[in-house]
Amino acid sequence: MATGQLFSRSTQALFYNYKQLPIQRMLDFDFLCGREIPSVAGIINPGSEGFQKLFFGQEEIAIPVHSAIEAACKAHPTADVFINFASYRSAFASSMSALKQPTIRVVAIIAEGVPEGDTKQLIAYARANNKVIIGPATVGGIQAGAFKIGDTAGTIDNIIQCKLYRPGSVGFVSKSGGMSNELYNTVARVTDGIYEGIAIGGDVFPGSTLSDHVLRFNNIPQVKMMVVLGELGGRDEYSLVEALKQGKVQKPVVAWVSGTCARLFKSEVQFGHAGAKSGGELESAQGKNQALREAGAVVPTSYEGFETAIQQTFQKLVEEGKIGATPDVKPPAIPEDLNIAIKSGKVRAPTHIISTICDDRGEEPSYAGVPMSTIVEQGFGLGDVISLLWFKRSLPRYCTKFIEICIMLCADHGPCVSGAHNTIVTARAGKDLVSSLVSGLLTIGPRFGGAIDDAARYFKDAHDKGLSAYEFVEGMKKKGIRVAGIGHRIKRGDNRDKRVELLQEYARTHFPAVKYMDYAVQVETYTLSKANNLVLNVDGAIGSLFLDLLVVSGMFSQPEIDEIVEIGYLNGLFVLARSIGLIGHTFDQKRLKQPLYRHPWEDVLYTK
């Protein structure tokens with residue numbers, strides 16, 4: 001066991017098993033104390049590497065993250081404290097690994113319930129190699145104004161109230177972490193404050209004992225008196241009794257062993273800690289208090305008298321001139337986290353993104369205000385989901401069914417069209433699904449798929465202006481603009497596109513009116529008189545029928561319809577639909593294990 005001070009203002013630690021709040025509390029304490037360097041040198045998170053962003057005062061810093069203990073110790077050779085937040089299941093292996101590192105001097109084990117056999121092995125190894133274990137089942141420890149472990153001493157407000165941002169003259173050791181916080185406050189009220197405080201942990205076999213730390217405090221010149229809080233169960237306090245009897249402790253010790261109420265119960269009592277279980281008179285609180293009193297410790301008659309005993313002992317040391325005036329300092333204000341300040345109403349901050357189509361903050365996500373459970377329970381289809389997320393309203397079933405038909409009819413158009421070709425080539429180059437899909441989607445534009453929006457815009461504009469098919473087509477010709485939605489490489493007037501016929505048949509059967517589709521058919525009649533391949537294609541059919549859907553559903557105002565067409569909603573249908581086919585082509589090529597594609601020479605015209 002170490003014989004002197006464990007920590008200093010330059011102490012740095014490695015933190016095992018990333019926990020944001022305890023680390024940030026350590027860094028906030030550092031800033032409060034005016035440390036120049038953060039007390040956390042590195043984080044060990046098995047399986048992860050990189051950096052974690054945290055705050056050191058108002059400055060945001062990046063703390064390295066290592067995947068292994070050995071690598072972290074090698075990267076940070078001056079970090080000699082290992083703070084272990086592993087669960088009780090894995091605390092032994094990680095703690096033993098840390099103890100075996102030559103740079104690690106102190107290991108704090110936070111987990112409660114570490115198997116006793118494992119703890120004994122850790123203790124034996126630590127003592128044989130002159131290392132210190134704090135815990136298991138500990139909140140840690142603190143050296144006032146210098147260094148603290150994890151959540152020790154609680155919130156910043158409590159730390160300031162207990163004056164832990166600067167050193168006092170009292171060495172404190174306890175089994176309980178919670179009671180440590182209480183006693184830090186008590187000590188600050190009646191003395192000049194804590195110099196160092198340790199919670200050894202409440203398990204049956206602590207890595208270091210009460211007497212270990214009292215003897216260590218006895219060798220620290222700045223510590224003028226010791227306060228010890230024990231508890232019933234076990235016999236740890238008797239090692240302190242022996243040390244007092246043998247004269248190994250020359251400084252005043254004020255002690256109290258809690259659990260005197262156990263005698264009020266008829267049966268054996270188990271308190272909160274695993275070790276707080278009285279097994280006889282020797283392990284009782286009364287028995288321990290009496291033994292400590294007889295050995296020379298200052299022991300009150302009750303816990304209520306503990307504060308007075310501490311105060312009187314401190315005042316006596318002051319009167320004897322052994323403790324001088326402790327200059328107080330005003331600690332800097334810790335910048336408040338933005339989210340906390342917002343919740344408390346101290347500040348207001350603008351948001352960065354607006355969402356009106358979905359909300360995932362409640363008990364279940366919702367689309368346009370419709371809970372996910374409702375969508376499933378009421379048998380909503382893909383068209384209903386699109387209507388909620390795209391149009392922010394539930395469209396009639398004939399409308400959502402039409403959307404689904406459009407998606408099914410446009411999902412794929414063979415391997416030779418530009419989008420599918422690009423996807424196939426990319427997949428055969430060994431690229432991933434997303435890359436292959438995106439390469440195909442990037443070809444969508446005015447010449448491939450993107451004609452739906454233009455068809456809707458042109459048909460709507462011409463129809464609403466009352467232009468005849470002749471006036472519309474010839475006017476477009478004079479402007480040098482091709483009529484979107486008209487024309488096909490293969491289909492002819494006598495060999496119509498079956499998809500167009502299916503869409504028209506559905507609309508005539510289910511839509512209340514199809515004025516825009518009728519207008520598109522009039523345009524087709526005129527263009528067919530010019531050339532047999534200038535038929536209404538699927539882009540034109542979808543574009544004109546979607547206009548009819550928006551109008552006849554009665555759910556959209558005229559400005560909303562204009563905006564939907566202008567923004568490009570309709571082309572979104574083609575993008576969504578064709579993604580299904582492009583993904584299929586990607587999987588097809590992967591499944592067939594096709595090699596890298598190279599275009600054949602004979603299919604290229606080489607010319608100057």
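This is a predicted model: local features need pLDDT of at least 70, side-chain atom pairs count only at pLDDT 80 or more; totals for chains, interfaces and linings use all residues.
**Entry 1**

I then looked up what Glu307 pairs with, and found a salt bridge to Arg189. The closest N and O atoms of that pair are 2.7 Å apart. Arg189 is also placed in the partly exposed class, because its relative accessibility is 47%. I noted where the two ends sit: Glu307 belongs to helix 10 (residues 306-319) and Arg189 to helix 6 (residues 177-190).

**Entry 1: other salt bridges**

How many salt bridges does a search of the whole structure find? I got 24, and I picked out a few to follow.

Lys346 pairs with Glu336, with 3.4 Å between the closest N and O atoms. Lys346 is exposed, at a relative accessible area of 58%. Glu336 counts as partly exposed, because its relative accessibility is 41%.

Next I checked Arg393, which forms a salt bridge with Glu560; here the closest N and O atoms are 3.2 Å apart. Arg393 lies in the loop between helix 13 (382-391) and helix 14 (397-410), while Glu560 is in helix 22 (residues 558-567), so the pair ties together parts 167 residues apart in sequence. I have Glu560 down as partly exposed, at 29% relative accessibility.

I also came across a network: Lys175, Glu237 and Lys288 are linked by salt bridges.

**Entry 2: domains and cores**

I turned to the overall layout. The protein is divided into domain 1 (12-320) and domain 2 (398-592). I looked up how far apart the C-alpha centres of the two domains lie, and the value is 72 Å.

Which residues have the most contacts inside the largest nonpolar core? They are Phe7, Ile134, Leu164, Val253, Leu292 and Ile310, in a core of 81 residues. Helix 1 (residues 20-33) gives the largest share of this core, with six residues. Another core lies apart from it, with 59 residues, including Ile386, Phe391, Ala455 and Leu503.

I took Val253 for a closer look. Setting aside neighbours within four places in sequence, I found Val253 in contact with Val214, Met226, Val228, Leu244, Ala297 and Val298.

**Entry 3: a nonpolar patch on the surface**

I then went to the outside. Leu433, Val434, Val438, Leu442 and Phe587 form a nonpolar patch on the surface. Together they have about 460 Å² of accessible area. Three residues of the patch come from helix 16 (residues 433-441), its largest share.

Is Leu442 buried or exposed? Its relative accessibility is 66%, so I list Leu442 as exposed. I found Leu442 in the loop between helix 16 and helix 17 (451-465).

**Entry 4: Asn289**

I looked at Asn289, which has its place in helix 9 (residues 285-295). Asn289 counts as buried, because its relative accessibility is 3% and the limit for that class is under 20%. I also looked up the separation between Asn289 and Val107: their C-alpha atoms are 30 Å apart, with the residues 182 places apart along the chain.

Last, I went through the backbone. Where is the loop that holds Pro136? It runs between strand 7 (132-134) and strand 8 (140-143). The peptide bond from Gly135 to Pro136 is cis, with omega near 0°.

I noted two asparagines with positive phi, although neither is a glycine. Asn17 has a phi of about 75° and sits in the loop between strand 1 (13-16) and helix 1. Asn17 is partly exposed, at 23% relative accessibility. Asn130 has a phi of about 55°, and its place is in the loop between helix 4 (116-128) and strand 7. At 52% relative accessibility Asn130 counts as exposed, the limit for that class being over 50%.

Conventions. Residues are numbered from 1 along each chain as its sequence is written. Side-chain values use heavy atoms; hydrogens and water are left out. Patches are made of residues with over 30% relative accessible area and no salt bridge: like charges are joined within 9 Å, nonpolar side chains (Val, Leu, Ile, Met, Phe, Trp, Tyr) within 5 Å. Accessible areas come from the Shrake-Rupley method with a 1.4 Å probe; for residues, only the protein chains shown count as cover. A salt bridge is a side-chain nitrogen of Lys or Arg within 4 Å of a carboxyl oxygen of Asp or Glu. Helices (H or I, at least four residues) and strands (E, at least two) are DSSP runs, numbered from the N terminus. Buried means under 20% relative accessible area, exposed over 50%, partly exposed in between (1.4 Å probe, protein chains only). A nonpolar core is a set of buried Ala, Val, Leu, Ile, Met, Phe, Trp, Tyr and Cys residues joined through side-chain atoms within 4.5 Å. Contact means heavy atoms within 4.5 Å. Domain bounds come from an automatic or database domain assignment.
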